Amino acid sequence: MINSSLKTLAQMLANKEISSVELTQTFLNRIDAYNPEINAYISLDHDRTLAQAKAADVRIAAGNATALTGIPIAQKDIFCAQGWKTTCGSKMLENFIAPYDAHVITQFDHAGAVNLGKTNMDEFAMGSSNETSYFGGVKNPWDFSRVPGGSSGGSAAAVAARLCAAATGTDTGGSIRQPASLCGFTGLKPTYGVVSRYGMIAFASSLDQAGPMAKSAEDCALMMNVMAGFDERDSTSLNREKEDYTRDLNKPLQGLRVGLPKEFFDIGIDPSTKDPIEKAIQKYQELGAELIEISLPHSSLSIPVYYVLAPAEASSNLSRYDGVRYGHRASEYTDLMDMYCKSRAEGFGAEVKRRILIGTYVLSAGYYDAYYLKAQQIRRLIAQDFEEAFKKCDVIMGPTAPSTAFKAGQKADDPVAMYLEDLYTIAVNLAGLPGMSVPAGFATSADGKPLPVGLQIIGNYFDEARMLNVAHQYQQVTDWHAQAPTLDKPEGSA
Amino acid sequence: MEWEVVIGLETHTQLRTNTKIFSGASTTYGAEPNTQACEVSIALPGVLPVLNKEAVNCAIKFGLAVNAEIAPRSVFARKNYFYPDLPKGYQISQYELPVVGKGAVTIQVPAVGKNAAYEKVINITRAHLEEDAGKSVHGAVEGMSGIDLNRAGTPLLEIVTEPDMRSAAEAVAYAKKLHELVQWIGICDGNMQEGSFRCDVNVSVRPKGTEKLGTRREIKNLNSFKFMQQAIEYETRWQIETLEDGGTIQQATVLFNPDTGETRAMRSKEEANDYRYFPDPDLLPLEITEADKTRVQAQMPELPEAMKLRFETQFGLTSYDAASLTASRELAQYFVETVDAGAEAKPAANWVMGAISAKLNAEEKSLAESPVSSVSLASLLKRIADNTISNNAAKQVFEAMWNGEGEVDAIIDAKGLKQVSDTGAIEAIIDEVLAANAAMVEEFKAGKEKAFNALVGQAMKASKGKANPAQVNEVLKKKLGA
């Protein structure tokens with residue numbers, strides 16, 4: 001049951017083979033057993049969760065269930081959920097109980113989904129290993145000595161370890177796709193503006209986008225049906241007609257033009273990763289796809305551009321955490337300035353501070369033109385690269401991450417090495433395009449453990465349904481996505 | 001050395017919208033602290049701004065009123081600084097691309113001493129939309145400062161002039177003109193006590209005849225015209241004295257203390273923030289089309305300049321009278337209503353600017369509070385025009401109307417002020433007067449012109465002031481064969 005697809009679970013619920021309360025309790029039991037070790041969740045509230053499950057059962061009995069009614073979903077702790085502690089992985093918000101619901105939370109509530117808990121994440125979504133979380137690192141379910149990726153590391157571990165039926169994540173530079181790759185499941189970052197950012201705690205507003213993290217493309221499509229849609233409370237939300245993201249899942253891929261950016265296969269890619277990716281692409285050929293070499297000439301500039309723009313926005317977005325109205329306030333201070341300084345010095349971790357400093361610097365008088373403006377110009381060039389590429393192909397494929405999951409602590413003290421984790425994902429955010437990571441096989445680690453490798457699929461604007469189709473068809477002829485890690489029995493269990 | 005003062009103004013006008021500029025919270029003034037602060041107002045994690053279209057309409061109206069360029073595309077930017085009453089740690093404002101570009105207003109600078117009144121064009125540099133901050137509240141809780149975020153997010157239009165003013169009088173005339181204009185077009189309630197209209201004044205001095213601008217100091221948050229006048233005069237003197245004493249002026253922000261009448265530096269340029277402006281990624285650029293402008297244009301009232309010209313041509317008023325009547329929209333409206341109700345324009349203008357304005361001033365009332373409505377004033381003026389009452393009697397009637405003693409005709413009847421215009425009755429009175437004042441008649445006939453006026457006076461007295469003076473003159477002349 002824990003491995004069942006969302007569709008199967010919905011059928012079981014509809015057929016009364018299981019109740020939402022039972023299903024939810026099953027996951028809660030697994031969480032109680034494994035979470036102390038894996039640390040995927042920051043906040044759990046069994047009573048609140050089970051109350052939602054009970055309500056879902058009533059709704060199912062009344063015959064007005066949706067595709068996700070009664071399904072237990074893990075929510076990244078970046079989404080404000082009324083009555084839930086919403087920490088964003090930071091000491092700054094350690095005791096912040098959200099008084100309102102994010103749009104995404106409201107959408108799941110309306111669908112009758114069950115909120116299983118709030119998942120761990122890098123502090124304010126800044127990180128690629130989940131190691132910047134104030135609430136501790138998260139273990140990769142495939143190898144507990146390794147990181148799950150980040151920033152949506154808690155959601156990633158929860159999906160991979162089957163501590164939820166599906167989860168939400170957010171992706172500013174790869175925070176859905178990179179952990180999906182490192183933990184071996186399917187994750188989708190939609191086109192910027194497709195999912196409302198209202199109530200999603202901002203890191204870099206022009207890049208942040210929420211999306212599903214789930215066991216398959218089909219599950220992601222069902223999640224998208226709930227998450228996507230216009231919201232007038234987000235000025236960057238796009239007013240488009242509601243889509244059914246499952247509509248194209250079963251289309252054949254004959255004639256699909258797959259663009260392969262030569263830059264993605266030249267630089268930085270680990271041979272152990274390259275091999276499964278090439279095999280996956282071969283599989284697509286077998287499915288009828290045509291391979292086309294393309295070029296994204298400015299992609300090498302993605303990381304420097306990103307590390308100007310994202311910190312610039314972040315430095316401003318995080319100014320509200322000043323200890324005045326909510327959040328952490330230093331216990332002792334001499335005056336207003338001292339209160340600001342101490343509260344922020346104590347409330348933020350090192351990576352967040354680093355980015356606030358970078359952002360403040362690049363926006364400063366005298367530096368703005370050289371950094372921020374220049375970066376915006378290159379951002380446009382990066383988007384144009386994709387525009388050109390999509391004249392020649394329907395989707396772009398390549399690796400999601402340069403390597404498989406790395407050891408905890410391995411890159412924690414080397415920010416640049418950590419930043420390079422997002423080498424292949426960041427350009428997609430800069431261009432505002434949709435991107436996915438799909439399990440494409442395993443590489444074997446030095447200590448002999450299988451580690452998942454993710455294939456990245458990049459689509460044109462609003463092409464999510466097609467990308468899901470592309471991923472789904474692959475998942476019909478492979479079973480990488482269906483593989484789950486064997487978890488060691490938790491200590492003390494029989 | 002003769003010095004010249006150079007003044008530019010930045011005015012924050014609070015826009016009259018029901019809700020805040022980026023949220024649905026109410027903007028009503030004076031509510032209990034923090035009762036009008038929604039999740040956006042207090043900047044909870046995850047909230048986002050959504051632009052209030054009504055605030056944009058206000059900006060367009062202003063642009064149209066000062067004949068300015070209205071930007072087809074303008075951009076909201078974040079002005080970053082920390083302050084407890086600034087909940088996001090940044091203010092959403094407009095920086096490089098403001099909604100309103102260059103425009104102009106014409107001011108009337110009143111006569112002072114031997115200097116005659118004159119007109120002057122003041123150029124508007126720009127006007128941009130932004131949100132107001134909250135307020136710090138001191139003393140409500142012992143030993144602590146409170147924050148009231150009711151005002152946070154209230155829409156403001158910041159209107160910036162070129163450094164075009166050359167005296168405190170010009171600056172005040174501009175501020176008054178702007179104050180009236182924003183109320184005239186209905187975008188601001190103009191309430192200076194409540195902070196709806198706040199002026200920052202940039203003052204510098206330079207030797208007369210030189211081009212280069214001196215270093216300016218900015219006087220912050222002046223909320224009365226009187227204080228503005230005093231502050232500029234003090235600041236100008238201070239700067240000139242400082243320079244004449246061999247000192248230099250440091251760029252600074254200063255506050256005016258109404259108790260001492262002095263300005264005092266609040267912070268110097270060195271302490272000034274680097275606001276790290278950048279385009280707000282949460283808001284799309286603001287696009288205003290020609291159709292938007294046309295739509296707003298249709299909602300615009302006739303502007304004071306146009307109305308002034310119309311009063312001159314349509315009613316034959318002098319430029320001065322027309323300007324006075326269009327100094328405020330309610331005054332102009334009252335005048336127009338009086339004329340529409342049947343009064344002649346010139347007497348209506350005289351009465352509105354004379355008796356009505358004097359009464360309102362004396363009792364510190366607004367026109368809306370006038371006990372004599374425009375229609376009532378018109379009925380009074382009609383009774384003068386149709387010779388029912390004399391001008392003198394009209395003053396008594398007006399006084400009674402002001403005191404709520406009733407409508408015009410009832411008061412005329414009650415007080416017996418109806419003018420006698422019956423020739424027979426007037427002849428009878430004059431016969432009596434001539435008979436009783438034979439000596440005066442002799443004097444007149446002997447050539448003393450003054451005696452005639454004395455006889456008129458006697459006749460008016462005999463009629464208890466009710467005789468029509470013109471008729472008395474006429475009949476008397478006839479009888480005396482003059």
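Hi everyone, and thanks for coming. Please keep in mind that what we have here is a predicted model.

Let's start with the backbone. Most residues other than glycine have a negative phi, and most peptide bonds are trans. With that in mind, have a look at C88(A). This residue is not a glycine, and yet its phi is positive, about 55°. You can find C88(A) in the loop between β2 (72-76) and α4 (103-111) of chain A. Is C88(A) buried or exposed? C88(A) counts as buried because its relative accessibility is 1%, and the cut-off for buried is under 20%.

A125(A) is another residue to look at. Its phi is near 65°, again a positive value in a residue other than glycine. A125(A) sits in the loop between β3 and α5 of chain A. With a relative accessible area of 3%, A125(A) is therefore buried as well.

While we are in that part of the chain, where is the cis peptide bond? It joins G150(A) and S151(A), with omega about 10°. S151(A) belongs to the loop between β3 (114-119) and α5 (153-160) of chain A.

Next, the nonpolar cores. The largest one has 156 residues, and F124(A), F386(A) and I457(A) are the members that touch the most others. Which helix gives this core its largest share? That is helix α10 (residues 302-317) of chain A, with nine residues. Now zoom in on F124(A). Leaving aside neighbours within four places in sequence, its contacts include I201(A), F203(A), L318(A) and Y321(A). Our friend C88(A) is also one of the contacts of F124(A). Apart from this core lies another, of 104 residues, and L157(B), M228(B), L286(B) and A343(B) are among them.

Now for a strand, β5 of chain A, residues 186-189. Both of its faces are covered: T186(A) and L188(A) are buried on one side, and G187(A) and K189(A) are buried on the other. Which strands does β5(A) pair with? One is β6 (residues 209-214) of chain A, antiparallel and joined by two bridges, where T186(A) has A214(A) as its bridge partner. Another is β10 (residues 435-444) of chain A, also antiparallel, over three bridges. There, G187(A) is partnered with S437(A).

Finally, a quick look at chain B. Its domain assignment gives domain 1 (3-291), domain 2 (302-415) and domain 3 (423-480). Between the C-alpha centres of domain 2 and domain 3 of chain B, the distance is 34 Å.

Technical notes. Residues are numbered from 1 along each chain as its sequence is written. Chains are lettered from A and ligands numbered from 1 in the order in which they are written. This is a predicted model: local features need pLDDT of at least 70, side-chain atom pairs count only at pLDDT 80 or more; totals for chains, interfaces and linings use all residues. Side-chain values use heavy atoms; hydrogens and water are left out. Buried means under 20% relative accessible area, exposed over 50%, partly exposed in between (1.4 Å probe, protein chains only). Helices (H or I, at least four residues) and strands (E, at least two) are DSSP runs, numbered from the N terminus. Two strands pair if DSSP finds at least two bridges between them. Domain bounds come from an automatic or database domain assignment. A nonpolar core is a set of buried Ala, Val, Leu, Ile, Met, Phe, Trp, Tyr and Cys residues joined through side-chain atoms within 4.5 Å. Contact means heavy atoms within 4.5 Å.
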